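Please keep the sequence and the model in view while reading.

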Amino acid sequence: MSNSYHIETKCIQSGWKPSKGEPRVLPIYQSTTFKYDNSDQMGRLFDLEDAGYFYTRLQNPTNDAVAAKIAELEGGIAAMLTSSGQAANYFAVFNICEAGDHIVASNSLYGGTFNLLGITLQKQGIACTFVDPDASVEELSKAFRPNTKAVLAETISNPSLVVLDIEKFAALAHAHGVPLIVDNTFATPVNCRPFEWGADIVTHSTTKYMDGHAMSVGGCIVDSGNFDWMAHADKFPGLTQPDESYHGIVYAEKFGRLAFIQKATAQLMRDLGSIQSPMNAFLLNVGLETLHLRVPRHCSNALAVAEYLEGHEKVAWVNYAGLKSNRYYELACKYMPNGTCGVVSFGLKGGRDVSVAFMDRLKLAAIVTHVADSRTCVLHPASHTHRQMTDEQLKESGIAPDLIRFSVGTEHIDDIIADLEQALQSV
Ligand SMILES: *Cc1c(COP(=O)(O)O)cnc(C)c1O
């Protein structure tokens with residue numbers, strides 16, 4: 001696909017490329033397995049000598065078409081779909097880290113990622129140092145150790161809405177010889193393409209704006225192909241030393257710039273099996289076709305909501321990087337000149353209890369454990385997604401106890417604001 005196409009065209013046309021007589025629309029390859037004519041053909045696939053499908057736990061044509069579309073949207077060279085955003089972040093880290101290694105991560109992260117890095121990976125022997133993303137390069141450099149293998153952060157953090165200085169983080173990671181992994185879920189490639197600012201690996205919870213309709217849980221990992229594993233061969237033996245489980249293949253030698261996704265597929269998917277179902281990949285693809293239409297609408301609605309809330313006497317504070325008063329406004333203008341995301345967070349005067357009472361009064365905006373779909377929804381992280389965190393951890397992650405996460409949908413803006421108005425009046 002021509003890389004000169006605009007993102008709108010890529011949302012629709014990238015990925016599935018039917019040849020003569022094939023379905024115009026991406027088919028759902030609802031098949032666990034694939035047929036070959038003789039034993040040797042199949043053997044070559046297992047040796048990674050030929051590319052091809054053999055078992056859907058590793059790869060499936062529907063998934064690969066959708067992954068190829070997301071790779072083009074991000075400007076990467078290869079991608080893979082995973083069963084969830086959690087699996088995407090886990091695989092992105094575990095593909096280059098093993099027991100005894102260490103990573104550096106922003107402390108402003110999605111709650112699930114915070115637990116994954118801080119607790120579950122710790123149990124697997126991979127340590128994590130959480131850093132304040134706004135700290136100086138000097139301060140941030142102190143977090144690195146000789147065994148540090150990656151840096152991870154979110155373009156716009158969920159739910160604290162911190163905008164990452166991607167160039168600063170990329171320079172920091174590269175100065176220490178490790179890749180920068182950016183979770184680009186909230187910005188989407190329509191608003192920000194982290195590879196253009198130096199990130200090496202991008203992850204997504206496709207569950208959010210990409211699917212866009214709250215239909216299917218999924219994730220994606222995209223590789224820019226830019227990180228030179230061989231230049232730091234001692235740090236990344238998984239990519240630069242023979243893989244005994246694949247007859248001694250050296251991924252970085254055999255697959256060059258495609259090594260990262262090849263290894264994640266051949267090794268991690270094989271052994272850990274977190275593939276997205278082809279049905280979900282099909283639904284994700286339908287969502288992607290309208291991503292470029294929905295995201296600007298989410299953003300314009302969210303800005304209107306943020307401005308409305310900012311002017312309301314019962315509102316204590318509003319956090320939305322699109323507001324000129326926001327501390328991340330300038331970073332947002334640099335990295336996301338067309339808009340940030342559809343999520344606004346705020347707190348009400350009177351604190352936590354008033355915030356919760358207000359949420360219960362909303363009629364159009366539903367209380368759901370979800371974010372970033374076409375229906376306006378709302379959540380109180382301290383009572384819901386981040387319930388497991390202590391007050392201290394909440395504070396460190398930039399999540400105030402009264403924080404309301406308001407995910408602005410694509411309905412008519414007047415109806416969304418009228419709902420806010422009636423609920424605010426009643427508390
Ligand atoms: C939701 C989310 C995840 C986790 O994704 P799931 O698809 O729910 O597993 C990871 N990162 C961010 C930024 C998210 O918003």
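Helices (H or I, at least four residues) and strands (E, at least two) are DSSP runs, numbered from the N terminus. The model is predicted, and local features need pLDDT of at least 70, side-chain atom pairs count only at pLDDT 80 or more, and totals for chains, interfaces and linings use all residues. Residues are numbered from 1 along each chain as its sequence is written, and side-chain values use heavy atoms, with hydrogens and water left out.

**Surroundings of the ligand**

- An oxygen atom of the ligand is 2.8 Å from an N or O atom in the side chain of S205.
- For the side chain of N158, the distance from an N or O atom to a ligand oxygen is 2.9 Å.
- At G85, a polar backbone atom is 2.9 Å from an oxygen atom of the ligand.
- Taken alone the ligand exposes 380 Å², and the protein buries 92% of that (accessible areas come from the Shrake-Rupley method with a 1.4 Å probe; for residues, only the protein chains shown count as cover).

- Buried means under 20% relative accessible area, exposed over 50%, and partly exposed in between (1.4 Å probe, protein chains only).
- Strand 6 (residues 201-205) is largely enclosed by the rest of the structure, because five of its five residues are buried.
- In a regular strand the side chains alternate between the two faces of the sheet.
- In strand 6, I201, T203 and S205 point one way, while V202 and H204 point the other way.
- Two strands pair if DSSP finds at least two bridges between them.
- Strand 5 (residues 180-183) pairs with strand 6 in the parallel sense over three bridges, and I201 is the bridge partner of I181.
- Strand 7 (residues 219-223) pairs with strand 6 in the antiparallel sense over five bridges, and C220 in strand 7 stands opposite H204.

**Aromatic pairs**

- Rings of Phe, Tyr and Trp (its six-membered ring) pair if their centres lie within 6.5 Å; planes under 30 degrees apart count as stacked, over 60 as edge-to-face and the rest as tilted.
- By this rule the count comes to 14 aromatic pairs.
- Y90 and F94 are stacked, at 5.3 Å centre to centre and with 15 degrees between the planes.
- Y90 and F94 are four residues apart in helix 4, so about one helical turn separates them.
- Y90 is buried, with a relative accessible area of 16%, whereas F94 is partly exposed at 24%.
- F227, W229, F236 and F260 form one aromatic cluster.

**Backbone features in loops**

- N158 and P159 are joined by a cis peptide bond, with omega about 5 degrees.
- P159 is found in the loop between strand 4 (148-154) and helix 7 (166-175).
- L161 is not a glycine, yet has a positive phi of about 60 degrees, and L161 is buried at 2% relative accessibility.

Terms used
Polar contact = N/O pair within 3.5 Å; in protein donor to acceptor, adjacent residues only side chain to side chain.
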